[in-house]
Amino acid sequence: MYDNPRDPYVRVRGAREHNLAGVDVDIPRDALVAFTGVSGSGKSSLAFGTIYAEAQRRYFESVAPYARRLIHQVGAPAVGEISGLPPAVSLEQRRSSPNARSSVGTVTTLSNSLRMLFSRAGRYPEGAERLDSDAFSPNTAAGACPSCHGIGRIHETSEELLVPDAELSIRQGAIAAWPGAWQGKNLRDVLDTLGYDVDRPWRELAAKDREWILFTEEQPVVTVHPVREAGRIQRPYQGTYMSARRYVMRTFADSKSTTLRAKAERFLTSAPCPVCGGSRLRPEALAVTFAGRTIAELGSLPLTVLAGLLSATPTDGSETARVLTEDLVARIGTVTELGLGYLGLDRATPTLSNGELQRLRLATQLRSGLFGVVYVLDEPSAGLHPADTEALLVVLDRLKAAGNSVFVVEHHLDVVRHADWLVDVGPGAGVHGGRVLHSGPPRELAAVQASATRRFLFDRAPVPAREVRAPAGWLRTGPVTRHNLRAVDAAFPVGVLTAVTGVSGSGKSTLVGALTDELAEVERMVTVDQRPIGRTPRSNLATYTGLFDVVRKLFAETAEARERGYKVGRFSFNVPGGRCETCQGEGFVSVELLFLPSTYAPCPDCRGARYNPETLQVRLGGLTIAEVLDLTVESAAEFFQDTPAAARSLRTLLEVGLGYLRLGQPATELSGGEAQRIKLASELQRPRRSPTLYVLDEPTTGLHPADVEVLMRQLHGLVDAGHSVVVVEHDMDVVATADWVVDLGPGGGDEGGRVVAAGPPSEVAASPVSRTAPYLARALAGG
């Protein structure tokens, strides 16, 4: 089928990706199109899994034949045909692995422009040689401080950290920093062989011995003769000694395991590098100034302040300085337009929210000058205060005005109302969704009764008056001085639902971070964040919740499994035996794409089933273990209704609105909001414990308003059961149902960091100084 360049529509025919039921839909180009529907309805499968995936496949088709041979392994989307599809750019919310060297400046490439400005137009000390722009980067050998290698901080340890209890002997575990199990026993046996007393209390050892054991750089190799244990044959072996400091530093620097790195970090202190003072650069680079400041000083300023400073700096007739300064100020303008002016160029990306990161990428695209492409965006309003959403709409309109098509998967009703075209997918999630209920102007959705979105767009009603719960006590934090908070005191009521609000960057997450289980009034605290439940396809919903242990046990108890001698381990895809050895039980193989990021493709042998053919011959209730992992939570709840241990896990997952997820859905496919609700479900299925403080950072991110109602029922249920809940939230409909609101601001960055209003929603909505107040008042009135 040949594309007609005059046809103004992207025409999709027979889309069957994930739960899409052979969808046919026509979507206009050169328009702002919103894809809506409840979580799991299939809107992302249509926008990303079908439209963007097909555009990407067509791009791959155009590359060299050798590369194309590798790319074919990735597969094509399950769709009949798509016509009228331009090249596509995807901006998803998934983040790459955390990197301390990645910053706001590197993501937006603003750092490159600032380095060029210093290199070409900076004020150099008399007689100093002009530096290349690379010399102003902490990420290059030419620019990085030689002491801290461009990190800005140095890590060190001490005897007090490594040996918290000096009364213990080495055999009793005095050196807390040592690894556990065999590795720790090996180090102890090596010390014993070297002649050190491992049975004497640590404090009684000679100072020089303690120093050597903890801090030596030597790595002696000795022959260890293990103590014989009954029933075990243990032969002598060559053991290498490594000091506690060396082990901790090596683990922290090199380990791929986040658990091991976190453990190592407990034994380290972190301080600014004494050589560069935390600026990360060589002295030669720090000697160059522009506008009277070093590049490190300019990089630490909020972008709004930086733009003002650059604009006000005279260029002394230098054409180079004028051109570079104007370009930099214009590029900063696109970032501040998106409500991110409070960020500094040196802000590390691991400290940014998913929404902030996506908007930074959006700002970069805005300056790219591309036209005639389809931008596919995943909830660009995520993490945005309603005041900042208005600025986002201006930016989306500018992308469209530049001659592009903008497709957004979105739940924010203001963005949906602003769209030119609406594609509503549903009516439900999983098998109950996958159909296009409406494709047309947003106003025409009012006539589509089956749509879950319609009620929230058109049938708004005032929030029913209800009596706010009375606090059973108060949690007082502060004074908190961190990031933009300056000696802030705050009080959080106990036994109620508290919403913490404020514009992006006002200090909400920082303030909530001061709530710890060390506070006297907190018996138990649970933080439910949006970090992934795992970083590879090996982690999934069933393994995280413990449900998979129950499933494997049930399979091992079948007559077929007992007859074959299969134990529980046979049904694990993490160990040899029952798993497919080609993909080692992942179901996917990693495909290296040379000049492109590597990606995952289904295993060519097991086709994603994860197990070998023999294991798949065992059935439970007519299903193989691979088919059980392919069940949705909703289907599994029916299948395991007579197995109490499984039914409880599945019921809580249904209660938080995750009935559409598959049991074996890889962690890499889950959104931050889904990961957070899985963690909440894991907590809800535990037997009720002592009064608990639950802290959730933006729990409604990625949720359709209908799913928000389901989630809020759970959170209010926790409060009714005697617990306390604190949510950082931008959704005013959620804030309106809270008992207490703590509003920070008034702005972001240095313009925020203060509690501007606190009280019941109706009181905060009337505050004359709160930027949240008018939006909260509108939500209370049903606007």
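**Close-up 1. Cys273 and its closest cysteine sulfur, in Cys276.** In this predicted model, the sulfur of Cys273 sits 3.8 Å from the one in Cys276, which is too far for a bond. A disulfide would need the two sulfur atoms within 2.5 Å. Cys273 itself is tucked away, buried at a relative accessible area of 1%.

**Close-up 2. Cys603 and Cys606.** Here the closest cysteine sulfur to that of Cys603 belongs to Cys606, and at 3.8 Å the gap is again too far for a bond. Cys603 is buried, with 1% relative accessible area.

**Close-up 3. The largest nonpolar core and Phe640.** This core takes in 131 residues, and Phe640 is listed with Leu362, Leu680, Leu715 and Val725 as having the most contacts inside it. Helix α26, spanning residues 705-720, supplies the largest share of this core, with seven residues. Zoom in on Phe640 and, leaving aside residues up to four places away in sequence, you'll find it touching Val551, Leu554, Leu620, Val628, Ala646, Ala647 and Leu650.

**Close-up 4. A second, separate core.** This one has 28 residues, including Ile175, Val190, Val198 and Phe252.

**Close-up 5. Ala520 in its loop.** Ala520 lies between α18 (508-512) and β17 (524-528). Ala520 is exposed, with a relative accessible area of 77%. Its C-alpha is 8.3 Å from that of Leu475, though Ala520 and Leu475 are 45 residues apart in sequence.

Note on methods. Residues numbered from 1 in each chain as written. Predicted model: local features only at pLDDT ≥ 70, side-chain atom pairs only at ≥ 80, totals over all residues. Heavy atoms only, no water. Core = buried A, V, L, I, M, F, W, Y, C linked by side-chain atoms within 4.5 Å. Buried < 20%, exposed > 50% of the residue type's maximum accessible area, 1.4 Å probe, protein only. Helix = DSSP H or I, 4+ residues; strand = E, 2+ residues; numbered from the N terminus. Contact = heavy atoms within 4.5 Å.
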